[in-house]
Protein chains: 2
Amino acid sequence: MSKGLPKRSEDYSLWYNELVKRADLAENSAVRGCMVIKPYGYSIWEKMQAELDRMFKMTGHTNAYFPLFIPKSFLSKEASHVEGFAKECAVVTHYRLKGDESGKGVVVDPEAKLEEELIVRPTSETVIWSTYRNWIQSYRDLPLLVNQWANVVRWEMRTRLFLRTAEFLWQEGHTAHETREQAVEETKQMLGVYADFVEQFMALPVVRGKKTESEKFAGAEDTYCIEAMMQDGKALQAGTSHFLGQNFAKAFDVKFATRSGGLEYVWGTSWGVSTRLMGALIMAHSDDQGLVLPPRLAPIQVVIIPIFKSQEELEAISVKANEIAKGLRSKGISVKFDDRDTYKPGWKFAEYELKGVPLRIGIGPRDLQHNTLELARRDTLSKESVNLGEVDIAHKVASLLDEIQQSIYDKAMAFQNEKTTSVDRWDEFVQVLEEKGGFVSAHWDGTPETEEKIKELTKATIRCIPLEQKNESGLCIYSQKPSQGRVLFAKSY
Amino acid sequence: MSKGLPKRSEDYSLWYNELVKRADLAENSAVRGCMVIKPYGYSIWEKMQAELDRMFKMTGHTNAYFPLFIPKSFLSKEASHVEGFAKECAVVTHYRLKGDESGKGVVVDPEAKLEEELIVRPTSETVIWSTYRNWIQSYRDLPLLVNQWANVVRWEMRTRLFLRTAEFLWQEGHTAHETREQAVEETKQMLGVYADFVEQFMALPVVRGKKTESEKFAGAEDTYCIEAMMQDGKALQAGTSHFLGQNFAKAFDVKFATRSGGLEYVWGTSWGVSTRLMGALIMAHSDDQGLVLPPRLAPIQVVIIPIFKSQEELEAISVKANEIAKGLRSKGISVKFDDRDTYKPGWKFAEYELKGVPLRIGIGPRDLQHNTLELARRDTLSKESVNLGEVDIAHKVASLLDEIQQSIYDKAMAFQNEKTTSVDRWDEFVQVLEEKGGFVSAHWDGTPETEEKIKELTKATIRCIPLEQKNESGLCIYSQKPSQGRVLFAKSY
C-alpha cells in the first residue's frame, strides 16, 4: 500500500477501480475486457457460491455442466434470443494453429476451418434446451431442476471490473415444468432466493420487481429482477429470474406426455447471478479507507495484530493471541493472526482496513499487563478496550459480528430509503435524477415509446415495476397519459 | 433402464460408453467432442472437487480465476509449449454475428474481426505467468501458491466421454518459488496429494513416477505422474505435476529481488487433474451390473427401498425407514429413501445397482414383523439379513461403508499386482503386452529412439519411471544396450 485511496466523494468511479485493485480483488488482464479475479477477491466469491449453492440445493436443484460452445445455428432458433445476443458473441472459427514463416510465431491454419462456427456461450438456454429434448419424455421427468456454475462471454465494448466484463463467472438455473403456474412459481421462488441471499449475506436491501417489455431477457415472457442502490445513487441489477413460457420448448421441440395422455410443450425458467454481485458488494458498503465486508461473507472475520518491539514481546503476545484465536475458531469464526515481523502494526492496520476485515484485535505489551485488548470495528472505525477478566471474548466477538452484519444492512437500508423519491411532476423528475440520483418512483403510461423517450432525455431507465406497491392510478410523468401504478426509474450500472 | 449393459468381457469399450450414459453420468452434446455432465455424474465430480479443494487449501493454496482466452502471441513465448498445444486449439477470430440475407439465420460479421486472434485456453501457464510478472517483485511475494478450477479446450479428434473430450473441467495449480529445491518439493508434494486422493477416495492404487523426456508436459523440465490400471489392462494417467524450472519465468520475464539483494528468475510448477478422473473411477471398479462407487465419493451412500403391495404397508415401512435414515444421517451418512410408487422394487434394485450406490437396505412387511431388514452390498452383490434388535444399524452401516471402501481398494490393488509383469526378453515383452496387457516392467536404454521404436512395434508407451524401485542395472529390452533401471510400459488411454 503506497498511499490512500481516491475519495468517493471526488471521483466515485476512480475510487471503485482503485479499491478493486488495491484490495486485491481483481485486475484487468492482458485480454481486453477479461479480468483476473485475484485470490482475495475469489475467496469472497467462493463464500457467495457456497451459500447460493446451498440455497439452490435446499430448493431441490442439482448441478450439471453443459458445453462452453454453442453451434451458431442454435442461437437463431429463438428469434428474440439471437437478436439479444448476436451482437456481442465471441466466435470460434478454427481449431488449429501452425508455425508462421519466420518459424517463431504461430498463425491460424486456414485448413482447419470449422464447418459451422461455434459461439462461446453468452448464456446457455439454447444448448441446454437442445439437451432437454432428450431428457424429457413424460410428466414423470418433470420438474427438471438444474443449475450450472460456469463462465460466459459477452463481448462488451465498455468494461468495468466485476460490473461489466467480457468474460464473467455466474450460475444459470434452467428448469422445466408441466404447467405455466409451476414455472411462474419457480421463477418467483428463485427471485426470492436471490433477494434473501443479497439481503441476508451481502447486507444489501433490494427492490423486487418485474422488468418492462423492453428491458426483459431476450427470449423470456417475463423477467423478474432485484435492484440495489449504490452509494453514488445509481441502481445495480443484482439478479434476474426469467419465466420463459414455452418459447425455448417450441424452439427446440421439447414436448412431454401429460398426465391426461396428451402431448404438450414444456414450460421453462432460467435465472442467474454473476460475479457482478462482487461489484455490488464493493460499491454498496465500502468507504475511503477501503472495503467494508459484511461478516457473513468475509473470508477473514477477525484479524489479530500484535504490537511489539522485541522478539520476547512477540512471543508473549503470541501465547495470548493463539489462545484467543482458538476460542474464536471453536465458535466457527475465521481468524488470522498476523505475526509477520516484516511489516509494522500501522501498516497492517491500514492493510486490513483496506481489505475490509470486519473486526481487528490489537494486543500490545500493556494489554498483557492489564489483561486487555483493543477491539476495532471496520464498519464504524470505532474502537474499544476490552478487559478479558470481565468479558468472554469469543462470545463478545460472535455477537459483535452479528451486530456488524445488521448494522451494515441498516445503513444501506437507510441510504436506499433516503435515495428513493416519489415524484409527480416532470421538472421535479428531471431535477431529482440530475441532482439527487437514486430511485425515482413515478407514473408511466406503459408504452415503450415513452420509456425510450425518458431514457433519451434523462439517461434513466425503468429499473423495475415493483412487486409490492399500492394500487394507485395516476398520470404518466412524461406523457400525462393514464397510468395504473408507479415504476422505479434510475440511472444504472 | 430398458435392458442390461453390454458385458465388459465382450466389448469393454461399448460397456464403458453405455454405462456412462445409462448411469446418467454424461452424454455427448450437439457440439462435436464436448460432453454434457449430467446431474448424477456432476454430483460425483463435486465430491471429488470438494475433497481436492480441501487438500489444496490444507497445503496452503488459494483459488483464483484467470481469463478463458489467451492472446495468440502468448502461446509462442515458450517454444516447446506452443509446439505442444498449437495443433489442437479452438481459435476465436470474431466478436459479432449479424443477420443473414434470408433474415432468419446469422452469419459472422466480417467487420468484427479481432486484431489478434484469441485461443480458448488449453492450459493457463502463459496467461498466468504474464500476470505473475506484476504480482512478483520480491522474495516476500514468494511462494505464490495459486489454484484455479476451470474449463479448458483441446481440440481432440477422437473423443471419449470423460477420458478425452474437446472441453473438460479441471483444476490447474500454478506456483512460483524462490529456489529450484522449493519448486521441486512443491511438484512432489502435489503429486503426493493426488496419489493420496486417488488411493484414499477413489479407492484406486497408483504408481508414482516420472515421465520420460518425450512424454513430459510441453514447457516443463520434469513431469511427475500417477498411473492407474484399468480393468482391461490399459493404463490411465490420473494426474500430473510439472516442475517448470525457470522456463515460463524467462518467457514472461518474471524476476524477483532475492534475499541477498540480487535479481533472479522465479522457479515454477504446475499441476492438474481433470474430469478424466471420472473415467478412471468408472473404469476401475464397475461391473456388468453397472457402476461401483467407493463410499467416500458416492453422492448417495445408502438407499432404502420399501417392498410393499398396499398404501398401508408403505406407510408402516416408511415409519421404520425414516427412523433408520435419521440415525444414519446423524452419523454423516447420505441416505435416500425411495418411496416412489411409480416403480417396482425390482426395477429400483437394478437402478441403484446401475448407479453404484454402495449399500441398499430393503424393508418389507415381513421385516416389520420380525424387526429385520435386508442389507445388500453393491461391490460384492452379497446380501444379509440384519436383526434390528441385535444390531445397532447406524454403527453397522458406518463400519460396512468403511469396509467396502477398503475392499474396493484391495481388489483394485490385487488386480494391479496381477497385471504387473517383470519381463527381460523381447519376445516375452511382446507376448505379455499382446495377451495379458497391464504394466510391463522392463529395462530401457534411456533413448527417445528406442522408446519410439517400441511404441511403433507394440503400441505400448513408457507410462513412467517409477519413483520407488530398486537400483538395478540391466540390458534394454529392445536395444540390449545398458540400462540403469526398469520403467513401466503399457498400452494406455
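Me: How much area do chain A and chain B bury between them?
Reply: The model is a predicted one. Carbon and sulfur atoms account for 68% of the area buried between chain A and chain B. The total for the two chains is about 5,000 Å².

Me: Which residues of chain A lose the most area to chain B?
Reply: Three residues head the list on that side. Together they make up 13% of what the side of chain A buries. They are A:Y65, A:Y95 and A:L97.

Me: How many residues does the contact take from chain A, and how many from chain B?
Reply: Residues count here if heavy atoms come within 4.5 Å. Chain B gives 63 residues to the contact. Chain A also gives 63.

Me: Why can one say that the copies meet through the same surface?
Reply: Take the interface residues of chain A and look for them in the interface of chain B. The copies meet through the same surface because the share found again is 100%.

Me: What rotation superposes chain A on chain B, and what is the relation called?
Reply: Two copies of a chain are related by a rotation about an axis and a shift along it. Here the rotation is 180°, and the shift along the axis is 0.0 Å. The superposition has an RMSD of 0.0 Å. That relation is therefore a two-fold axis.

Me: Which residue of chain A comes closest to the rotation axis?
Reply: The distance is taken at the C-alpha atom. It is 2.1 Å for the closest residue of chain A. That residue is A:V92.

Me: Where does A:V92 stand, and in which sense do the β5 strands pair?
Reply: A:V92 stands opposite B:V92 in β5(B). Strand β5 covers residues 91-94 in chain A and residues 91-94 in chain B. The two strands pair over three bridges. Their sense is antiparallel.

Me: How many salt bridges are there between chain A and chain B?
Reply: A search of the whole structure gives 65 salt bridges over all chains. One that crosses between chains joins A:K57 and B:E46. Between chain A and chain B the count is two.

Me: What is the N to O distance in the salt bridge of A:K57 and B:E46, and which helices hold them?
Reply: A:K57 sits in helix α2 of chain A, and B:E46 sits in helix α2 of chain B. Each of these helices spans residues 39-58. The cut-off for a salt bridge is 4 Å.

Definitions and conventions. Residues numbered from 1 in each chain as written. Chains lettered and ligands numbered in written order. Predicted model: local features only at pLDDT ≥ 70, side-chain atom pairs only at ≥ 80, totals over all residues. Heavy atoms only, no water. Buried area = accessible area lost by both parts, 1.4 Å probe. Salt bridge = Lys/Arg side-chain N within 4 Å of Asp/Glu carboxyl O. Pairing = 2+ DSSP bridges. Helix = DSSP H or I, 4+ residues; strand = E, 2+ residues; numbered from the N terminus. Least-squares fit on C-alpha atoms with pLDDT ≥ 70 in both.
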